[in-house]
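Please look over the structure below before reading on.

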Amino acid sequence: PFGNLSDCPNGSRWIMDVFNECAQDGWDVASIVLGLGSIVCFIAAAFPQFYQACRTGIMDQALSIYFLLGWLGGDLLNLIGSFLADQLPLQVYTAIYYVLADLGMLSLYCYYRVKNGGRAFPAPINAAFVFLSVGSLSSLSLLGSASTEDPGTFKGRSLLSAPGDELGAKPFSRTEIIGFTIGSISSVLYLCSRVPQICTNYKRKSTSGVSYFLFALVMLGNSLYGLSVLLKNPEPGQGQGDYVLHHLPWLVGSLGVLALDLVISFQFLAYRKGRPGTLEERGALLGEQDES
C-alpha cells in the first residue's frame with residue numbers, strides 16, 4: 001500500500017521497509033521489479049559456467065584470464081563508484097554480488113590452470129589478481145561497516161536529489177565526482193573485458209568449455225538492469241535528461257556491453273561445429289590406443 005511517509009510522500013511502505021528506497025508510483029515499482037529480475041539473472045549466470053567448467057575441465061583454456069580480470073576490475077570499480085555516487089540501492093546490491101561471483105570464477109579458473117598443466121601465471125597477472133582480490137575484500141568490509149552506521153535513516157539519492165524550492169539539480173560534491181569518475185572507468189573496463197574473450201574464441205575457432213548461458217543470462221540481466229534505471233522517476237525538480245546524465249556510466253556499463261556480448265553469441269553459432277576441446281581430443285586418442 002501507498003501512504004504518507006516522512007521521507008517518501010505517497011511512497012510504498014513495503015518497498016521502503018525492504019529496500020530502503022522511495023517508490024511513489026507504478027514506474028518506480030516497475031523499476032524495482034526489473035532490478036530484482038536483473039539480480040536473479042546475474043545470480044544464475046555464474047552457475048552454468050561452473051557446471052561447464054566441471055564437466056569439461058578446460059576452463060583455463062576456454063576463458064581468457066584478461067576477460068576475468070577485466071570483469072572483476074570493472075565490477076570492483078562499479079561497486080565503489082555506486083556507493084560514492086549514492087546510486088540506487090539495488091545498484092549497490094547488484095554490484096556487491098558481481099564482485100563475489102567474479103572472485104568465485106577466478107578461483108575456479110586458477111584451480112583448473114594448476115590442475116591441467118601446473119603453469120604459473122606471469123608476474124603482472126599475479127600482481128593484478130592479488131591487487132583486485134585484496135581490493136575487493138577490503139571494499140566489501142568497508143561498505144558493510146559503513147552501511148550499519150545509520151540504518152534507520154533513508155538517505156535517498158543525494159546525487160540526483162534537488163531541494164523542493166529549486167528547479168536545478170543538486171551540484172556534484174567532491175565525493176560524488178570521484179564516484180562518477182570511478183563508475184566511468186568501470187564502464188570502460190566492462191567494454192574492454194569482452195575483447196580478450198572474443199580474441200580467445202577466434203584463435204581457438206571454438207567455444208568449447210564456455211557456457212553460452214553465462215553470456216545469455218548476463219545479456220538479459222544487463223537489459224533488465226538498464227531498464228530499471230531508465231524507468232525510475234527523476235527526483236523532484238530534476239529533468240529526465242539530467243537524470244540520465246548522472247546515471248550514464250552505469251547505463252553504458254550495462255547496455256553498452258550488449259553489442260560485444262552479441263558478437264560472442266555469433267561466435268557460438270559460428271564455432272558450434274568447431275574443433276573439440278583438449279579434454280575431448282585426449283579422450284578420443286586414449287580410446288584409439290585401447291582399441292589397438
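1. Two annotated spans. The end C-alpha atoms of residues 63–84 are 32 Å apart, and this span is 91% helix and 0% strand. For residues 209–230 the end C-alpha atoms lie 35 Å apart, with 86% helix and 0% strand. UniProt, in an unreviewed entry, lists both among its "transmembrane region" features, which also include residues 29–51; such annotations may be inferred rather than shown by experiment.

2. Basis. This is a predicted model, in which local features need pLDDT of at least 70 and side-chain atom pairs count only at pLDDT 80 or more, while totals for chains, interfaces and linings use all residues. Residues are numbered from 1 along each chain as its sequence is written, and side-chain values use heavy atoms, without hydrogens and water.

3. Ends of H2. Asp25 caps the N-terminal end, with a side-chain oxygen 3.2 Å from the backbone nitrogen of Trp27. Just after H2, Gly57 has a positive phi of about 70 degrees.

4. H2 and H8. The axes of H2 and helix H8 (residues 212–231) come within 8 Å and cross at roughly 165 degrees. That makes the two helices roughly antiparallel (angles over 145 degrees). By class, their contact has 18 nonpolar, 8 polar and no charged residues; charged means Asp, Glu, Lys and Arg, nonpolar means Ala, Val, Leu, Ile, Met, Phe, Trp, Tyr, Cys and Pro, and the others, Gly among them, count as polar.

Key: Polar contact = N/O pair within 3.5 Å; in protein donor to acceptor, adjacent residues only side chain to side chain. Helix = DSSP H or I, 4+ residues; strand = E, 2+ residues; numbered from the N terminus. Axes fitted to C-alpha atoms, helices over the stretch in contact; angles between N-to-C directions. Parallel < 35°, antiparallel > 145°, perpendicular 65-115°, else oblique.
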